[in-house]
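Hi,

Here is the structure I promised to pass on to you. Have a look, and then read on for what turned up around the ligand.

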Amino acid sequence: MRLDKYISNATDLSRTEAKRLIKTGEVTLDDRAVVNPAQKVRPDQTVAIEGSTITLAQHRYFMMNKPAGIVSVTKDHNNPTAIGLMYEHRSEELQIAGRLDIDTTGLLLITDDGQWNHRLTSPRSDCAKIYQVGLAEAIGNDYQAALAAGVLLEGEKHRCMPAHMEQIDQHHLRLSIAEGKYHQVKRMFAALGNHVVSLHRSQVGDIILDPELEPGDYRPLTELEVSSIQ
Ligand code: URA
């Protein structure tokens with residue numbers, strides 16, 4: 001990992017602040033001052049700021065196969081929550097990275113790493129999300145072009161970013177979108193005069209829902225899955 005990234009992950013400093021700090025010469029790598037923010041840090045090396053060693057927090061990252069009927073908020077008085085299905089200590093520190101509606105199933109990402117969550121969910125993130133969508137009415141011939149041009153959702157001033165669809169049958173399709181607006185998929189098809197009757201998320205960026213996970217089950221993400229979200 002780059003030294004500036006290591007410092008911003010291990011402390012409260014932003015990447016820019018970390019770069020500035022490194023340039024002052026106060027940062028050492030294995031006791032040698034380093035002034036290049038792009039310097040690589042190996043896992044066996046020791047980073048120190050003004051002589052005090054810093055270490056990376058051990059964050060936790062999970063994927064869950066979210067069942068229907070479960071809400072993706074941390075606390076809810078009326079419905080069971082995704083975090084409530086987990087057997088993790090300090091579960092109050094866990095956050096949902098990209099919510100799903102109560103009736104949506106599939107890939108839910110959960111972490112206690114706020115920066116990682118932000119990278120995944122910020123409006124500037126162009127991380128693709130893939131959904132299997134079931135529609136009440138048959139898929140229109142114009143859908144592919146309308147989605148590629150960017151659908152205008154009710155109540156919004158700007159069109160959605162281009163979306164890509166692959167038709168599975170008359171009522172089912174695979175949809176890839178780059179944004180995560182509130183109820184986006186349901187609102188996109190409402191704008192096209194249709195109605196979503198089933199919605200399942202199978203992929204976020206390079207993270208694919210593990211087919212071994214039964215609804216309600218979860219597992220830690222692999223290092224590769226975690227680092228795929230940049
Ligand atoms: N879009 C929706 O409308 N609902 C979801 O749960 C996810 C995306």
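Which residues are around the ligand? They are Leu 100, Asp 101, Thr 104, Tyr 131, His 183, Gln 184, Val 185, Lys 186 and Leu 199, where near means a heavy atom within 4 Å.

Before the details, please note that this is a predicted model, in which local features need pLDDT of at least 70 and side-chain atom pairs count only at pLDDT 80 or more, while totals for chains, interfaces and linings use all residues. Residues are numbered from 1 along each chain as its sequence is written, and side-chain values use heavy atoms, with hydrogens and water left out.

The shell consists of four nonpolar, three polar and two charged residues, with Tyr counted as nonpolar and Gly as polar. Helix α5 (residues 184–191) gives the largest share, three residues; helices are DSSP runs (H or I) of at least four residues.

Now the polar contacts (N or O pairs within 3.5 Å). An oxygen atom of the ligand lies 2.9 Å from a polar side-chain atom of Thr 104. The protein covers 96% of the 240 Å² of accessible area that the ligand has on its own (Shrake-Rupley, 1.4 Å probe).

Because domain 2 (58–125 + 213–230) and domain 3 (128–204) both give residues to the shell, the ligand lies between them; the bounds come from an automatic or database assignment.

Best wishes

Notes
A polar contact is a pair of N or O atoms within 3.5 Å; within protein, one must be able to donate a hydrogen and the other to accept it, and residues adjacent in sequence count only if both atoms are side-chain atoms. Helices (H or I, at least four residues) and strands (E, at least two) are DSSP runs, numbered from the N terminus.
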